Amino acid sequence: MDIILFLLFAIIAVVCAINVVVQTHPISSALSLVGVMGSLAVLYLQLGGTFIAAAQLIVYAGAIMVLFIFVIMLLNAGAESRRGRSFMASLLGVPLLIAMLGLLAYFVQRMFPGARVHFGGFQHGGPHEVGIALFTTYLLPFEITSLLILIAIIGAVVLARKELD
């Protein structure tokens, strides 16, 4: 049953991720990203990271996606116009993608030859462990990320103001 649930939500995550890139309207793309975040939360829950799964849903699928949609609405972004594809991209795109995925699978198999996933075997995803890691080891990247998000919001407001004038 674990494998079936894993495959189901992995497929949902991959399909939604492809849909993020394929969609021409930014709101539809953002909603597909919510599907990716929800699927990842279920995968984290299946691995035993209950706190990480809850944080994934609350922080990313909730707060960050509301921020993304707010910025998209603020910028009044419409649907993307389709352009003609180049001949080389349409000819080599799929074969190169398959080759890249094959190389990735080969290197992962070589780096982790006997790796097995044990569902529910991860027991270090609680709030205490995450808090200790976040405020000791990962404090600087956490603060830099918050500053980058603040700069992005300010940039979106500046771009929206210029467009109104």
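**Figure 1. Residue classes in the lining of the largest pocket.** The lining of the largest pocket comprises 14 nonpolar residues, four polar residues and no charged residues. The structure shown is a predicted model. The pocket has a volume of about 700 Å³. Its lining is made up of 18 residues, and those nearest the pocket centre are Ala55, Val59, Tyr60, Leu134 and Phe142. Helix H3 contributes the largest share of the lining, with seven residues. At least two lining residues are supplied by each of H3, helix H5 (127–135) and helix H6 (139–164).

**Figure 2. Overall arrangement of the chain.** The chain contains six helices and zero strands, and its pattern along the sequence reads α-α-α-α-α-α. The radius of gyration is 20 Å, well over the 15 Å that the globule rule gives for 165 residues, so the chain is more spread out than a compact globule. Along the principal axes, the C-alpha trace spans about 60 × 45 × 30 Å. Of the 165 residues, 15% are buried. Among contacts between residues at least 6 apart in sequence, 75% join residues at least 24 apart.

**Figure 3. Helix H2 and its packing partners.** Helix H2 covers residues 26–47, a run of 22 residues. From its first C-alpha to its last, H2 reaches 32 Å, close to the 32 Å expected at 1.5 Å a residue. The buried residues of H2 are Ile27, Ser29, Ala30, Ser32, Val36, Met37, Ser39, Ala41, Leu43 and Gln46. An α-helix has 3.6 residues a turn, so residues three or four places apart point the same way. After H2 comes Gly48, which has a positive phi, near 110 degrees.

Figure 4. Ser29 belongs to helix H2. Is this residue buried or exposed? Ser29 has a relative accessible area of 13%, which is under the 20% cut-off, and therefore counts as buried. When its neighbours within four places in sequence are set aside, Ser29 is in contact with Val20 and Gln23.

Figure 5. Asp2 is located in helix H1. With a relative accessible area of 40%, Asp2 is partly exposed. Which residues does Asp2 contact, leaving aside its neighbours within four places in sequence? These are Gln46 and Phe119. Asp2 and Phe107 are separated by 105 residues in sequence, and their C-alpha atoms lie 26 Å apart in space.

**Figure 6. Ala17 in helix H1 and its distance to Met37.** Ala17 is a residue of helix H1. Its relative accessible area is 33%, and Ala17 is accordingly partly exposed. Ala17 and Met37 are 20 residues apart in sequence, with a C-alpha to C-alpha distance of 9.6 Å.

**Figure 7. Ile144 in helix H6.** Ile144 lies in helix H6. Ile144 is partly exposed, having a relative accessible area of 41%. How far apart are the C-alpha atoms of Ile144 and Gln23, which are 121 residues apart along the chain? The separation of these two C-alpha atoms is 30 Å. Gln23 is also one of the residues in contact with Ser29. Helix H6 is among the helices that supply at least two residues of the lining of the largest pocket.

Definitions and conventions: Residues numbered from 1 in each chain as written. Predicted model: local features only at pLDDT ≥ 70, side-chain atom pairs only at ≥ 80, totals over all residues. Heavy atoms only, no water. Helix = DSSP H or I, 4+ residues; strand = E, 2+ residues; numbered from the N terminus. Expected span 1.5 Å × (residues − 1). Buried < 20%, exposed > 50% of the residue type's maximum accessible area, 1.4 Å probe, protein only. Contact = heavy atoms within 4.5 Å. 1 Å grid on protein atoms, 1.4 Å probe; cavity = no way out; pocket = protein on both sides within 12 Å on 5 of 7 lines; lining within 4 Å. Points joined across faces, edges and corners; volume = space filled by probe spheres on them. Nonpolar A, V, L, I, M, F, W, Y, C, P; charged D, E, K, R; others polar. Rg over C-alpha atoms; globule rule 2.2 N^0.38 Å.
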